[in-house]
Amino acid sequence: PKPSFTSIYYASLDKLYDPVSRPAGIVNLGVAENRLSAPLVKDRLDSANSGVSFDSLAYNPYTGSERLRVAMARVASRHIARCSIDHKRLILTSG
């Protein structure tokens with residue numbers, strides 16, 4: 001069987017390109033973050049007092065943000081499952 005995208009992605013993190021320390025390293029073209037416009041977007045969000053952090057403009061962990069997972073576990077524990085749900089066992093994605 002073929003390895004999953006996720007396993008390949010995480011394995012590549014230890015082999016990323018660096019011009020000095022790893023000139024033969026990997027350049028991942030499968031993931032793209034628009035870092036050129038991020039400062040402009042952040043300035044606009046700041047002027048609107050949004051409270052959004054710079055990190056929010058980048059890819060987040062595949063499991064979802066820690067803050068959201070904690071909140072969803074709390075809601076699900078109280079209103080849906082009616083038992084304690086560990087937020088570390090939740091994966092929240094779009095779609």
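Modeller: A polar contact is a pair of N or O atoms within 3.5 Å. The model discussed here is predicted.

Colleague: Which residue has its backbone oxygen 3.5 Å from a polar atom of the side chain of Arg 69?

Modeller: Arg 69 belongs to helix α3, which covers residues 66–80. Beyond its sequence neighbours up to four places away, Arg 69 touches several residues, including Thr 63, His 87 and Leu 90. The backbone oxygen at 3.5 Å from a polar side-chain atom of Arg 69 is that of Lys 88.

Colleague: Is Arg 69 buried or exposed?

Modeller: Residues under 20% relative accessible area count as buried. The relative accessible area of Arg 69 is 7%, so Arg 69 is buried.

Colleague: With which residue does Glu 66 form a salt bridge?

Modeller: Side chains of opposite charge can pair when their charged atoms come close. Glu 66 is partly exposed, at 44% relative accessible area. The closest N and O atoms are 3.6 Å apart, and the partner is Arg 69.

Colleague: How many salt bridges does the structure hold?

Modeller: Glu 66 and Arg 69 form one of them. Lys 42 and Asp 46 also form a salt bridge, with the closest N and O atoms 2.5 Å apart. The structure's salt bridges number two.

Colleague: What is the relative accessible area of Phe 5?

Modeller: Phe 5 sits in helix α1, residues 5–12. Phe 5 is part of a nonpolar surface patch, together with Tyr 10, Leu 13, Leu 16, Ile 26 and Tyr 62. Phe 5 is partly exposed, with a relative accessible area of 49%.

Technical notes: Residues numbered from 1 in each chain as written. Predicted model: local features only at pLDDT ≥ 70, side-chain atom pairs only at ≥ 80, totals over all residues. Heavy atoms only, no water. Patch = residues over 30% accessible without salt bridge, like charges linked within 9 Å, V, L, I, M, F, W, Y side chains within 5 Å. Areas by Shrake-Rupley, 256 points an atom, 1.4 Å probe, with all protein chains shown as cover. Salt bridge = Lys/Arg side-chain N within 4 Å of Asp/Glu carboxyl O. Helix = DSSP H or I, 4+ residues; strand = E, 2+ residues; numbered from the N terminus. Buried < 20%, exposed > 50% of the residue type's maximum accessible area, 1.4 Å probe, protein only. Polar contact = N/O pair within 3.5 Å; in protein donor to acceptor, adjacent residues only side chain to side chain. Contact = heavy atoms within 4.5 Å.
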